[in-house]
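Hello,

Here is the structure I promised to pass on to you. Please have a look at it first, and then read my notes below.

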Amino acid sequence: MDLKEVEILGDRADAHWYYRAKSAAMLRMLRGEAVGEVLDVGAGSGFFSRVLLDRTACPAALCVDPNYDAETSEDHNGKQIQFVREMEWFGGNLVLMMDVLEHVPDDTALLRSYAARVQPGTRFLITVPAHKWMWSGHDVFLEHYRRYTLREVEALISRAGLTRVATSYYFGFTLPLAAGVRLGRRLNPLHVETPGSDMRPHGALVNQGLLLLSQLELGLLGRNRVAGLSVIAVGRA
């Protein structure tokens, strides 16, 4: 979870529809395989690592983010999370890159560098924002370099030396709502596009409605090759 969005949502992230839905998608994509120790790259708050520690047999998490003020560790319900700025080698079986690759100039080099630090068979679960035409001040605020199509993510996985296991768009049911807001801004002659996050707390009714809409889409995960707010992919070293 991006540290900038931590500042916006604070301790309400656990209840926010977007993060609850993305957590559900992550668990669905990993379904059927044991989750050992996880390496969470660009982990920010470590939100998704905590979900895995709570919802799977994952015994520990190593969160890597160069933006940490200090390297620390904590006990999370009897399981350890370490927060470090860098690492050399990882012996677990799962690497998370949740909305990370769009933040670096050379996404291939970053993914390839982590693929070289793990043992064969390690899974990589990757999410990135989708569709260049959805670019807005939200991307500028979060310091994105790009948004992706499904085929671009598949090509990236291949260039990095990973084997593609599964790829899909997600948040396809909520895409028309987000697109309507962003395109509406562009068509408004009085609107001036400025950097700023679209992530914000919602009222209970709106939050629950968006969560339900996203949960209804879980059955299409792995088969949606049409459109969505995000691309979610699994590769294997």
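Predicted model: local features only at pLDDT ≥ 70, side-chain atom pairs only at ≥ 80, totals over all residues.

Asn77 counts as exposed, because its relative accessibility is 63%. You will find Asn77 in the loop between strand S3 (72-76) and S4. Its phi is positive, about 50 degrees, although Asn77 is not a glycine. Most residues other than glycine have a negative phi. Phe171 also has a positive phi without being a glycine, in this case about 65 degrees. Phe171 belongs to the loop between strand S7 (163-170) and H7. Is Phe171 buried or exposed? With a relative accessibility of 0%, Phe171 counts as buried.

Now to the sheet. Eight strands make up an open sheet with mixed pairing, and their order is S3-S4-S2-S1-S5-S6-S8-S7. On average, neighbouring strands are turned by 15 degrees against each other, direction ignored.

S3 and S4 are joined by five bridges in the antiparallel sense, and Ser73 stands opposite Gln82 in S4. S5 and S6 also have five bridges, but these two strands pair in the parallel sense. Met97 has Ile126 in S6 as its bridge partner.

Seven of its seven residues are buried. In a regular strand the side chains alternate between the two faces of the sheet. In S6 both faces are covered: one side has Arg123, Leu125, Thr127 and Pro129, the other has Phe124, Ile126 and Val128, and all of these are buried.

Next comes helix H2. H2 lies across S5, strand S6 (123-129), S7 and S8, and runs at about 30 degrees to S8. H2 has 13 residues and spans 18 Å from its first C-alpha to its last, close to the 18 Å expected at 1.5 Å a residue. How many of the residues of H2 are buried? The count is 10 of 13, so H2 is mostly covered, taking buried to mean under 20% relative accessible area. Among the buried ones are Trp17, Tyr18, Ala21, Lys22, Ser23 and Met26.

In soluble globular proteins, nonpolar side chains tend to be buried together. The largest nonpolar core here has 42 residues, and Met26, Leu52, Leu94, Leu96, Leu125 and Tyr170 touch the most other members. Elements that give two or more residues to this core include helix H2 (17-29), helix H3 (47-55), strand S5 (94-98), helix H8 (204-216) and strand S8 (230-236). H2 gives the most, with eight residues. Apart from this core lies another one of 30 residues, including Leu101, Tyr114, Ile126 and Tyr148.

Ser214 is part of helix H8, and at 0% relative accessibility Ser214 counts as buried. Not counting residues up to four places away in sequence, Ser214 touches Trp17, Ala21, Tyr170, Phe171 and Thr174.

Finally, the aromatic rings. There are nine aromatic pairs. In one of them, the ring centres of Trp17 and Tyr18 are 5.8 Å apart and the planes stand at 85 degrees, so the pair is edge-to-face. Trp17 is buried at 9% relative accessibility, and Tyr18 is buried too, with a relative accessible area of 13%. Tyr68 and Phe83 form another edge-to-face pair, 5.6 Å centre to centre with 85 degrees between the planes. This pair links distant parts of the chain, 15 residues apart, with Tyr68 in the loop between S2 and S3 and Phe83 in strand S4. Both Tyr68 and Phe83 are buried. One aromatic cluster is formed by Trp17, Tyr18, Tyr19, Phe47, Phe48, Tyr170 and Phe171.

Note on methods
Residues numbered from 1 in each chain as written. Heavy atoms only, no water. Core = buried A, V, L, I, M, F, W, Y, C linked by side-chain atoms within 4.5 Å. Buried < 20%, exposed > 50% of the residue type's maximum accessible area, 1.4 Å probe, protein only. Helix = DSSP H or I, 4+ residues; strand = E, 2+ residues; numbered from the N terminus. Pairing = 2+ DSSP bridges. Axes fitted to C-alpha atoms, helices over the stretch in contact; angles between N-to-C directions. Contact = heavy atoms within 4.5 Å. Expected span 1.5 Å × (residues − 1). Phe/Tyr/Trp six-rings, centres within 6.5 Å; stacked < 30°, edge-to-face > 60°.
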